[in-house]
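Here is a short report on a two-chain model. Please keep the sequence and the coordinates open while reading.

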Amino acid sequence: MILSGSSVRARYPGAEHAALDGVSCEVAAGRLLAVVGPNGSGKSTLLRALLGLMDLESGDVTLKGRPIGRWPRAAIATVLGVVSQREDVLFPLRVEDTVMMARYARLGPLAAAGAADRAAVRDALERCDAWPLRDRRTDTLSGGEWQRVRLARALAQEPEALLLDEPTVALDVRHEMEVFELVRELADGGLGGLIVTHHLNLAARYADAMLLLDHGRVVAHGAPEEVLQAGVLSAVFGWPVAVTPWRDGSPQVVPLRPGEATSG
Amino acid sequence: MNARRWVVLLLVAVVALASGLIFGSVPVSFGAVIHGLTSGGGGEAALVRELRLPRVLLAFLVGGALGVSGASLQALVRNPLADPYLVGLSGGAGLGAVLAIALHAGGAWAIPLAAFLGALGAVAIVYRLSVVAGRRLDPHVLLLGGVVVGAFAGSLMSAVITLASASELRSAMLWLLGGFGFASWPAVAVFAAYATIPLGILLANARGLDLLTLGEDNAQYLGADIERLKRRVYLSVAALTGAAVAVSGVIGFVGLVVPHVMRRWGGPLHRALLPAAFLGGGAFLVVADLLARTAFRPVELPVGIVTALIGVPVFAMQLRRTLA
């Protein structure tokens, strides 16, 4: 087990309700977990809690068996790679330089980047199909290129698990599929994965397990066909849906128009 | 940044320093400069050694400190328009200095010391305002708090100046606008010894500053201990800028403009940017001081006026090019 949260309860300062209430989940090598749920259901908060960035009211988070709070931040960054929802470019950098920042946690303040660091950067960029972009400035990249570069930066950390917070927001179908394909491929290669996403259908096809959150609580947790139940989803999202299997057997969610029969 | 660009930057700094020694109210020959630097002769050699050299060195060190402070602060508050004087320091320092002048505090070190204490007082208040939710340092509050604390101190300062006599008022105004007319070897030595520590801290945190420019969350994901990092950077910037105010008054635009120019010259990575901003800031302030001394001989302009007259157009051009 790489990362695990157990009965995690956390609250934002001054908030009336807990943002997470008794949530448990696990990120294991070779497995991809998709975290889904409506806006404000606690998906991103769960990610922050798993990264040790929230004070927990109760429950605990352990990274490789040790409480996350006892890990120095730089050490966490050598085990967990994160692609956050957004990142504004303040001072445009060369792509290769921004990916090299993944190595800072290993380099410390003074050491110069060595051959191993440059190799890790190149390997990560190549895996994300972004090596040709290496000399471009980050402010000249398209949305899809920028996401691939940020994914490469997380990979260049040489992590044991990747945590992705809606990595395909604002990407078109091709780029979105490329990200999911790559993440699946990485998981098949032994990396642990957690992906926060609004794409129930892609999650059902790519993830090994799904976690459905609502108001900070776990509504369902298990294989995609266990989690994606029409009745539960309709209640959680507040909109009627039907669930129907795709050719590969994975459950696919179809939101219904008012008046459509829900017998499917 | 490649080697050729470092060499060019070093040459610029050396030429600026040499010009500062050669030109002045009385130009001296290059030979006399060398003589003054290497031997104990009198006349022009003594002028170079006892007056121009400490003045040029102090201007270089202060300019370098302001350049590094500006570059670091801009990363800390994630705002390329931040100037180290914006975080409330200039107001506090000015108030301290003006109070010292109005109260006729004696001794060569009274004004610098009062300015330094005023700057530290302002920094303490701004820091207190910016620590939210128990322990987080919020850079946005830092900037806003700096502006309002600075404005408050500025109002108090104006009140003191209004109530003071005319001659005191003039010396207070001149001091505030900045200058190196009182540069001396002890001032150079004290400033150099003192600035080494905060400069070293900032340089050692150069990679942390790179990460901070990605946003606090992303910086943490890449391994930065951001609360400790932000505290160190802010206190180092405050210590450097406070000392700069103490020895030379309020000299604006060095900390704002130099980091921008150097980012274009050598890129935004702080391991290169901070040393480059030190060299560039030093060279810029030496040249500005040279112009301040010579433009309206024998009257000397406050150097802060010169840095603004050069800095504003340069900044405006940079801004247009960035937006284009």
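Predicted model: local features only at pLDDT ≥ 70, side-chain atom pairs only at ≥ 80, totals over all residues.

Residues are numbered from 1 along each chain as its sequence is written, while chains are lettered from A and ligands numbered from 1 in the order in which they are written.

**Chain interface**

On chain B, 21 residues are in contact with 19 residues of chain A. Contact here requires C-beta atoms, placed from the backbone, within 7 Å. Two helices of chain B, α9 (206-212) and α10 (216-221), each supply at least two residues of the side that touches chain A. Helices (H or I, at least four residues) and strands (E, at least two) are DSSP runs, numbered from the N terminus. The largest share of that side, four residues, comes from α10(B). By type, the side of chain B that touches chain A has nine nonpolar, six polar and six charged residues. Ala, Val, Leu, Ile, Met, Phe, Trp, Tyr, Cys and Pro count as nonpolar, Asp, Glu, Lys and Arg as charged, and the others, Gly among them, as polar.

**Nonpolar core**

The largest nonpolar core has 186 residues. Such a core is a set of buried Ala, Val, Leu, Ile, Met, Phe, Trp, Tyr and Cys residues joined through C-beta atoms within 7 Å. A residue is buried if 20 or more other C-beta atoms lie within 10 Å of its own, exposed if 12 or fewer, and partly exposed in between. A:L33, A:V99, A:A152, B:L58 and B:L222 have the most contacts inside this core. Helix α3 (residues 44-76) of chain B gives the largest share, 17 residues. Beyond its neighbours within four places in sequence, B:L58 is in contact with B:F180, B:A183, B:A187, B:V188, B:F191 and B:V247.

**Domains of chain A**

Chain A is assigned domain 1 (1-73 + 159-225) and domain 2 (88-158); the bounds come from an automatic or database domain assignment. Their centres, taken over C-alpha atoms, are separated by 24 Å. Eight residues of domain 1 are in contact with eight residues of domain 2. Helix α7 (residues 173-188) of chain A gives the largest share of the domain 1 side, three residues. That side divides into seven nonpolar, one polar and no charged residues.

**A helix pair in chain B**

The axes of α3(B) and helix α12 (residues 254-266) of chain B come within 7 Å and cross at roughly 75°. Axes are lines fitted to C-alpha atoms, for helices over the stretch in contact, and angles run from 0 to 180 degrees between N-to-C directions. Therefore α3(B) is roughly perpendicular to α12(B), a label for angles of 65 to 115 degrees. The contact of α3(B) with α12(B) divides into six nonpolar, six polar and no charged residues.

**Backbone details**

Most residues other than glycine have a negative phi, and most peptide bonds are trans.

| Residue | Phi | C-beta neighbours within 10 Å |
|---|---|---|
| A:H215 | near 50° | 16, partly exposed |

A:H215 sits in the loop between β9 (209-214) and β10 (217-222) of chain A. B:F253 lies in the loop between α11 (226-248) and α12 of chain B. The peptide bond from B:R297 to B:P298 is cis, with omega near 0°.

How values were computed. Contact = placed C-beta atoms within 7 Å. Parallel < 35°, antiparallel > 145°, perpendicular 65-115°, else oblique.
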